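Please open the structure in a viewer and keep a selection panel at hand. The stops below are meant to be visited in order.

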Amino acid sequence: MLVGMNDVLTVHGGTPLQGEVTVRGAKNLVSKAMVASLLGEGVSRLRGVPEIADVRIVSGLLELHGVQVTGGPEDGELVLDPTNVESAHVADIDAHAGSSRIPILFCGPLLHRLGEAFIPDLGGCRIGERPINYHLDVLRQFGAVVEKRPEGLRIAAPQRLQGTKLELPYPSVGTTEQVLLTAVRAEGLTELRNAATEPEILDLIAVLQKMGAIISVDIDRVVRIEGVERLDGYTHRAIPDRIEAASWASAALATRGDIYVRGARQPEMMTFLNVFRKIGGAFEVDDDGIRFWREGSAQRSLVLETDVHPGFMTDWQQPLIVALTQTEGLSIVHETVYENRLGFTRALNEMGATIQLYRECLGGLPCRFGQRNFIHSAVVSGPTKLHGAEITVPDLRGGFSYLIAALAAEGTSRVHGIELIYRGYERFLDKLDAVGAHYERG
């Protein structure tokens, strides 16, 4: 799905971005819905699938396990046939997974289909610990046996997995996904307390319900799953990617531009839209998308704290910080979800931003890191003029944030490691063209 390209982008900044881009299915849903197809005994059709690296990785992993993955008649449609599911060699899994952490979510479906799963060492963006012990503890509570081997983990189900009662110490998205993908075919009732309730989680639940699962979600973060003997395939259109939509909105704000994001939806972005308006951004919602632009000559600073849904999501934070460098006064950002998500600001300071980092909690929300000596709060002083620089992409969201900074800066920047951005931003160079960005590859 992806073409090879140079990993360096030379960006000429200082021009407002104006035009239209389209967002398709959410990265944080599509890959999990693809894994869910393993649970079915029929063909699944997933629509609105973006051309991103994570989709290619998951397609490869599914094919290793005998799933036939083909394109459908509609652009952005995948047809997934799990008729001939089989075990895969752990070395092959490791080679295909690369930096993705998705293999851990194969466990539940493979335990139901094959009675065992092999998991290599896991990668992913280095924005925090993101330990897999939650996942392994969950699988053990369903009755799985975890065996550590030199090449990775062998997880086995000597008998049918059993429903269980669980309570997460933190509403982890990944662990909630693990429970859902495991519980739907376990015997009996599973009750999960303190579950994540992000829109992508609810969309995954919709996928599983279409397959025949019985799942209820209470407003107090309690999810109940009644296990069933059999699941069928599904036909589903993925929820739009609210992270990509917010990233383009931040680009419009930082460059004093005007961008229409086709496919963006208001309900999943209400928290972001409130913040966007508070700092001087303007938006207009219609049936097909959302238009974002900067209102007036000055933006306003604010205090921002990330949180689990329905709070301000952590993946919105990094692109927005670039826009906050152009606000009047001091803005405070308190990161409560990942302990290592503010390291990307060092390069912004080298470009002329004034951002100070702190170990203390600069906010009132309950925080996982306040007593653990992590740098997780930032004070952004603005407005500051950004200038071109040599910068290297640290992770997926930080990488797109660097692109925004380079586009907002005066002069020329060289952005290294842009291949990381392809993990979650579909055809982003084509979209840069569509909004009038000036750049060259290499």
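This is a predicted model: local features need pLDDT of at least 70, side-chain atom pairs count only at pLDDT 80 or more; totals for chains, interfaces and linings use all residues.

Residues are numbered from 1 along each chain as its sequence is written, and side-chain values use heavy atoms, with hydrogens and water left out.

**Stop 1: H1 and H7.** Select helix H1 (residues 27-36) and helix H7 (residues 199-211), whose axes come within 9 Å and cross at roughly 25°. That makes H1 roughly parallel to H7 (angles under 35 degrees count as such). Helices are DSSP runs of H or I with at least four residues, strands are runs of E with at least two, and both are numbered from the N terminus. Axes are lines fitted to C-alpha atoms, for helices over the stretch in contact, and angles run from 0 to 180 degrees between N-to-C directions. Now show the side chains: Asn 28, Leu 29, Lys 32, Ala 33 and Ala 36 in H1 meet Glu 200, Asp 203, Leu 204, Val 207, Leu 208 and Met 211 in H7. Contact means heavy atoms within 4.5 Å.

**Stop 2: H8 and H10.** Move to helix H8 (residues 242-254) and helix H10 (residues 314-324), which pack at an angle of about 5° with axes 8 Å apart. H8 is therefore roughly parallel to H10. On the H8 side, the residues that meet H10 include Ile 243, Ala 246 and Leu 253; on the H10 side, Trp 316 and Leu 320 are among those that meet H8.

**Stop 3: the aromatic rings.** The structure holds 10 aromatic pairs (ring centres of Phe, Tyr or the six-membered ring of Trp within 6.5 Å). Select Phe 276 and Phe 292: this pair is edge-to-face (planes over 60 degrees apart), at 5.3 Å centre to centre and 80° between the planes. Phe 276 lies in helix H9 (residues 270-278) and Phe 292 in strand S16 (residues 289-294), so the pair ties together parts 16 residues apart in sequence.

**Stop 4: Glu 116.** Finish at Glu 116 in strand S6 (residues 116-119). Leaving aside neighbours within four places in sequence, Glu 116 is in contact with Ser 87, Leu 110, Leu 111, Arg 154, Ile 155 and Ala 156.

Methods. Angles under 35 degrees count as roughly parallel, over 145 as roughly antiparallel, 65 to 115 as roughly perpendicular and the rest as oblique. Rings of Phe, Tyr and Trp (its six-membered ring) pair if their centres lie within 6.5 Å; planes under 30 degrees apart count as stacked, over 60 as edge-to-face and the rest as tilted.
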